[in-house]
Amino acid sequence: MNFIKNKYSNRTIKRKYHILFWVSYFIFNVIRWGSYFDDYWYSLKSNLIEFPLHIIIVYANLYFFIPKFLIQKKYKRYITSLFISLSFLYTARTALNYFLVTKNIWPESEGYQEAFTFNHVIAVTLGELYVLALATAIKLTVDWVNQRNRIENLKKEHLKSELNFLKTQIQPHFFFNTLNNLYALTLEKSDLAPTVVLKLSDIMQYVIYDVKEPKVKLLKEIEYIQNYLDLELLRCNKNSTVDLNIKGNIANTKVPPLIFLSYIENCFKHGNKNNNDFYIYISFEITQENNLIFSLKNSFDPSFDKNKKRGIGNTNTKRRLDIIFKKNYKLDISQENNLYSVNLEIPLTKKQ
């Protein structure tokens with residue numbers, strides 16, 4: 001029902017603009033030619049005759065000839081149709097002016113001029129082409145602006161889709177594993193069980209409800225990451241270590257949500273969590289240039305990871321970075337021996 005109302009409302013707005021254009025153009029022409037001939041009554045009568053013909057040929061050209069012939073590259077048909085229309089319009093305009101307005105059908109010229117002469121046909125045709133060109137230019141300009149707005153809206157929708165897709169990168173197995181760990185803790189009547197429930201609840205609330213905006217507070221994002229790390233560490237070797245550092249004032253800093261998640265996920269997905277040397281180092285640093293540097297390093301065991309399939313999380317994240325920051329960011333991912341590292345630098349104020 002809302003769609004029908006919006007469609008009707010848009011058509012009403014378009015009609016208003018069309019009426020405004022023709023009324024304004026009519027008044028302008030009446031005043032222009034009335035001043036030229038010093039005869040406003042004649043100008044009013046002749047324009048009342050000519051304007052309906054202007055309107056017919058303009059809309060025929062905009063909504064029939066151009067879409068059916070010109071856009072379809074049927075140039076001969078377009079030129080033929082336009083030529084026939086102009087010929088009909090010239091005949092109708094000349095006849096109506098002659099019988100209803102004045103016997104002098106070309107008062108602009110010196111002396112009395114007859115109809116259907118070469119000069120008169122050219123003068124009238126050029127006048128009609130002027131009207132066609134003006135209306136077509138306005139229509140093409142409006143269409144270009146609307147098309148540009150549609151492209152911008154599509155980009156925004158695409159970004160939302162990327163974000164929604166990224167939410168699904170929190171693999172279902174993560175939730176299942178956490179629930180299994182929680183089940184084991186409850187059987188053991190461990191004091192950790194309530195904490196696990198709260199952290200899992202916070203993660204689900206953040207992902208489902210809190211990341212609807214294009215940007216979120218970095219502090220909130222880090223809290224979410226910390227909860228994620230704590231729950232993943234339940235499945236790691238007890239000697240595993242995670243070091244998360246923050247450098248600079250992040251109180252009022254905002255970033256695109258879930259940008260860092262896929263890289264952190266990879267630490268657990270491709271690292272040997274059962275190894276005593278398993279560690280993750282994460283750093284967030286605010287630079288003097290008002291950039292954010294996200295650094296990530298983790299131990300990496302090639303023999304453990306060689307049979308694992310690579311996911312699309314990193315590709316998806318890079319696509320989001322391209323959309324949000326275009327070329328105004330730096331991303332460096334490297335893997336050397338037993339060390340996997342990520343360095344991402346993004347501007348906190350989006351550059352155009």
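**View A. Helix H6 in the predicted model, with its exposed and buried residues.** Leu198 and Tyr209 of H6 are exposed. H6 runs over residues 192-210, 19 residues in total. From first C-alpha to last, H6 reaches 25 Å. That is close to the 27 Å expected at 1.5 Å a residue.

**View B. The aromatic pair of phenylalanine 64 and phenylalanine 65.** The count of aromatic pairs comes to 22. Phenylalanine 64 and phenylalanine 65 form an edge-to-face pair. Their ring centres are 5.8 Å apart, with 70 degrees between the planes. Phenylalanine 64 has a relative accessible area of 40% and is partly exposed. Phenylalanine 65, at 9%, is buried.

**View C. The aromatic pair of phenylalanine 260 and phenylalanine 284.** The ring centres lie 5.2 Å apart and the planes stand at 85 degrees, so this pair is edge-to-face. Phenylalanine 260 lies in the loop between strand S3 (254-255) and helix H8 (261-270). Phenylalanine 284 belongs to strand S4 (residues 279-286). The pair therefore ties together parts that are 24 residues apart in sequence. Phenylalanine 260 is buried, at 0% relative accessibility. Phenylalanine 284 is also buried, at 0%.

**View D. An aromatic cluster that includes Trp22.** One cluster is formed by Phe21, Trp22, Tyr25, Phe26, Phe51, Tyr59 and Tyr63.

**View E. Aspartate 38, a residue with positive phi.** Aspartate 38 lies in the loop between helix H1 (2-37) and helix H2 (40-70). Its phi is positive, about 55 degrees, although aspartate 38 is not a glycine. The relative accessible area of aspartate 38 is 66%. Because that value is over 50%, aspartate 38 counts as exposed.

**View F. Lysine 73, a residue with positive phi.** Lysine 73 is found in the loop between H2 and helix H3 (75-100). Phi of lysine 73 is near 60 degrees, a positive value in a residue other than glycine. Lysine 73 has a relative accessibility of 63% and counts as exposed.

Definitions and conventions. Residues are numbered from 1 along each chain as its sequence is written. This is a predicted model: local features need pLDDT of at least 70, side-chain atom pairs count only at pLDDT 80 or more; totals for chains, interfaces and linings use all residues. Side-chain values use heavy atoms; hydrogens and water are left out. Helices (H or I, at least four residues) and strands (E, at least two) are DSSP runs, numbered from the N terminus. The expected span of a helix is 1.5 Å times one less than its number of residues. Buried means under 20% relative accessible area, exposed over 50%, partly exposed in between (1.4 Å probe, protein chains only). Rings of Phe, Tyr and Trp (its six-membered ring) pair if their centres lie within 6.5 Å; planes under 30 degrees apart count as stacked, over 60 as edge-to-face and the rest as tilted.
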